[in-house]
Amino acid sequence: MGLGGCIILIAVGAILTFATDWDMQGVNLDLVGIILMIVGLIGVTTFSSIARRRRVMVPPTTTVVEEERHHTRDGYTDGYGV
């Protein structure tokens with residue numbers, strides 16, 4: 001589940017907890033909303049910690065050598081105008 005899914009869980013949980021007054025027999029919608037918000041918050045924290053680890057940059061171990069280009073004809077270097 002990505003960051004968007006976690007935010008949707010938080011939003012749906014908040015709607016169930018704070019914006020509805022439905023009564024369902026055998027289901028406490030306030031508790032379901034709180035559970036959804038907690039799961040969404042856990043998802044956001046794990047997603048952000050995983051994303052932070054992925055952004056660690058490792059310096060390259062190989063040396064990059066650039067080639068020198070020689071001008072061949074009238075200043076053209078890519079072969080056009082021949």
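Modeller: Buried means under 20% relative accessible area, exposed means over 50%, and partly exposed is in between, with a 1.4 Å probe and protein chains only as cover. The model here is predicted, so local features need pLDDT of at least 70 and side-chain atom pairs count only at pLDDT 80 or more, while totals for chains, interfaces and linings use all residues. Residues are numbered from 1 along each chain as its sequence is written, and side-chain values use heavy atoms, with hydrogens and water left out.

Biologist: How is a helix assigned, and what span should H1 have?

Modeller: Helices are DSSP runs (H or I, at least four residues), numbered from the N terminus; strands are E runs of at least two.

Biologist: Which residues of H1 are buried?

Modeller: Cys6, Leu9, Gly13, Leu16 and Thr17. They lie on the same side of H1, because they cover an arc of only 95° around the axis. The arc is that of the directions from the helix axis to the C-beta atoms. An α-helix has 3.6 residues a turn, so residues three or four places apart point the same way. On the face of H1 turned away from the buried side, the exposed residues are Ile8, Phe18 and Ala19.

Biologist: What does the side chain of threonine 17 reach?

Modeller: A polar contact is a pair of N or O atoms within 3.5 Å; within protein, one must be able to donate a hydrogen and the other to accept it, and residues adjacent in sequence count only if both atoms are side-chain atoms. Threonine 17 has a relative accessible area of 14%, and its side chain reaches the backbone oxygen of glycine 13 at 2.8 Å. In H2 (residues 29-54), a polar side-chain atom of serine 48 lies 2.9 Å from the backbone oxygen of threonine 45. Serine 48 is partly exposed, at 31%.

Biologist: Which residues make the nonpolar surface patch?

Modeller: Patches take residues with over 30% relative accessible area and no salt bridge, joining like charges within 9 Å and nonpolar side chains (Val, Leu, Ile, Met, Phe, Trp, Tyr) within 5 Å. A salt bridge is a side-chain nitrogen of Lys or Arg within 4 Å of a carboxyl oxygen of Asp or Glu. Here Leu3, Ile7 and Phe47 make a patch of about 240 Å², with areas from the Shrake-Rupley method. Isoleucine 7 is partly exposed at 48%.

Technical notes:
Areas by Shrake-Rupley, 256 points an atom, 1.4 Å probe, with all protein chains shown as cover.
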